[in-house]
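Biologist: Could you take me through a close look at one part of this model, the place where the two chains meet? I'd like the helix packing to begin with, then whatever surrounds it.

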Amino acid sequence: MRHIYAILNQIMAINRDAVKYTADLARIELSDKELGHFTGQLDKILAYVDKLSSLDVAKLDPTSHVLEIKNVYREDVVKASLPAADVVKNAPSKENNLFKVPKIIDIEA
Amino acid sequence: MELNTLTCHNLIDLLYKKTISPIDICNSIIDRIEKTEKRLNALAHFDKEKALERCKSLKKGPGQGSLWGIPIFIKDNICVKNEMTTCSSNILQGFNPPYNATVIEKLISLDAVLMGKTNMDEFAFGSSTETSCYGPTRNPWDLDRIPGGSSGGSAAAVAADEAIFALGSDTGGSIRQPASLCGVVGLKPTYGRVSRYGLIAFASSLDQIGPITKDVEDAAILLKAIAGHDEMDSTSADVPVSDYVSGIKKGIKGLKIGIPKEYFIEGMDQEVKDSIKSAIKKLESLGAVCEDMSLAHTEYAVSVYYLVATAEASSNLARFDGVQYGMRAEGIKSIIDMYKKTRREGFGDEAKRRIILGTFALSSGYYDAYYLKALKVRTLIKRDFDEAFKKFDVIVTPTSPTPAFKIGEKISDPLTMYLSDIFTISANLAGIPGISIPCGFTKNHLPIGLQILGKPFDEETVLRVAYNYEQNTEWHKQKPNFTNGAMHHL
């Protein structure tokens, strides 16, 4: 069993491309220097957390939350909300109480 | 008498006798800050005129709210309406929340005086307060050392008497570890005890707001002030809030205390170990029954935490994208370009590292191997505590394996930094309450902290054990003397 995990671990070790791909998913641009730097550090962290592989967890339920709360219901009543001007006041760019962002769909294309 | 050096319960007595006024306290705090803040850098945002104005606008008292006229500092990740709230991050520069966190509403309703915001690791990502965009906070016991983190600003301000008390937040030890390293009291309540509404989320299943204070009685007062169910936070628990202050004064005779062997590891500081052993003897002399026991899965806690916490963080921090608040990068070509450049410029190294690690742990192909596996091992860690609390009333451990380390010592090696949370993380994963109280000093006069962990929603017993120990020792009365000391690394 240990042997299988050792092989899996080799496959899972993170490399530069994986870090670049993941940073793209997270919408963070990285410089070449950062990419090299982070790859080494993340590889070391992942090697450390691999100690979890030694545990057999097949029969365990995951704990995503410690409380015994399944769902929280409330009466469906309309309550006062923040004024729109307050909600957008911190936006770097806004217009008519709306958030303003660069064009998303290019009509020309 | 210098009012800034007193505790909240001292000040309440004086205010009731009308020998002092809220303005006197406020002025004493301002004087202290003007003298010491240049050396400490404990505060992220502080405007003395505003603080005085708040003080002057208090209703006439005493006899108003239970915290009438008491000044309080707030960690910079807790929203205060129309006050800069930045999580010590560049990406949130200029953010003035349009609403108050529930804990802030509670403090205002009790007539406490909001003084300002304390420095922290960026988005609470760190154990040293070095990742702040405002620069590191210094430890008042040795200005070349870190105060711990991420609530390092709150702990340093309280230790240095710039604050009477402060709020921090604790995701993996961010209240307890800096309290330990600065020689003050820090309490992480049970998950769900205090509303998280208005706390800028780091890891939603682990975060809790809690007090950082000069003594245990103040921690009880402040917990009572902020605890309770809140319909604005669906994970806040509907469990009655005790009168913690009257509860702490009972004795601890016959109380069963577990000492987990996994918390006395090789490589930990010998002076820390010795102090904890003496503290255990002291608890025994007060009538508690201490017994060695085991929390078998302790060694997996750091691994579980850095997968679960970063996964949740990567999701929570997706909202910082240059659209709704904070900064937006200049010279952008498209919306994706805007996200990427804003996040590149706005986040510091540790934030980027954690977001990428968390995104990786959640990504297709790795989810089962990392994130799901970590959640399953979290079950084992929680079970260890469930079992232990069938037999023991509280568990006592060191808060941190070492005293405060040097500024710069661990910042370039994330894994080493992560391991400094090794004794505090399990409480967050299991959702249980924990406190750190002063229990000694190294020969270099660096504070050492004792951690007391309790059953879910049994803060009362945790505080009671802490109070009994504290009242029979002198550690909490020691004050750092740093105003004339040499300071390097400037």
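The helix crossing between the chains

Modeller: Helix 2 of chain A (residues 16-25) packs against helix 12 of chain B (residues 349-362) at about 95 degrees, with the axes 9 Å apart. The axes here are lines fitted to C-alpha atoms over the stretch in contact, and the angle, on a scale from 0 to 180 degrees, is taken between N-to-C directions. Helices are DSSP runs of H or I with at least four residues, strands are E runs of at least two, and both are numbered from the N terminus. So helix 2 of chain A is roughly perpendicular to helix 12 of chain B, a label for angles of 65 to 115 degrees (under 35 is roughly parallel, over 145 roughly antiparallel, the rest oblique).

Who does the touching? From helix 2 of chain A come A:V19, A:T22, A:A23 and A:L25, and helix 12 of chain B answers with B:I356, B:T359 and B:F360. Contact means C-beta atoms, placed from the backbone, within 7 Å. Sorted by class, that helix pair brings five nonpolar, two polar and no charged residues. Nonpolar covers Ala, Val, Leu, Ile, Met, Phe, Trp, Tyr, Cys and Pro; charged is Asp, Glu, Lys and Arg; the others, including Gly, are polar.

A word on the ground rules: this is a predicted model, where local features need pLDDT of at least 70 and side-chain atom pairs 80 or more, while totals for chains, interfaces and linings use all residues. Residues are numbered from 1 along each chain as its sequence is written, and chains are lettered from A and ligands numbered from 1 in the order in which they are written.

Zooming out, the contact between the chains takes 44 residues from chain A and 57 from chain B. On the chain B side, helix 10 (301-316), helix 11 (335-346), helix 12, helix 13 (368-391) and helix 14 (414-418) each supply at least two residues. Helix 13 of chain B gives the most, with 11 residues. By class, this side of chain B has 30 nonpolar, 14 polar and 13 charged residues.

How far to trust chain A? Its pLDDT (the predictor's confidence in each residue, from 0 to 100) averages 87, and 85% of the residues score at least 70. Residues 1-11 of chain A, however, stay under 50, with three contacts beyond four places in sequence.

As for chain B as a whole, it has 16 helices and 11 strands, and its C-alpha trace spans about 65 × 55 × 50 Å along the principal axes.

Note on methods
Contact = placed C-beta atoms within 7 Å.
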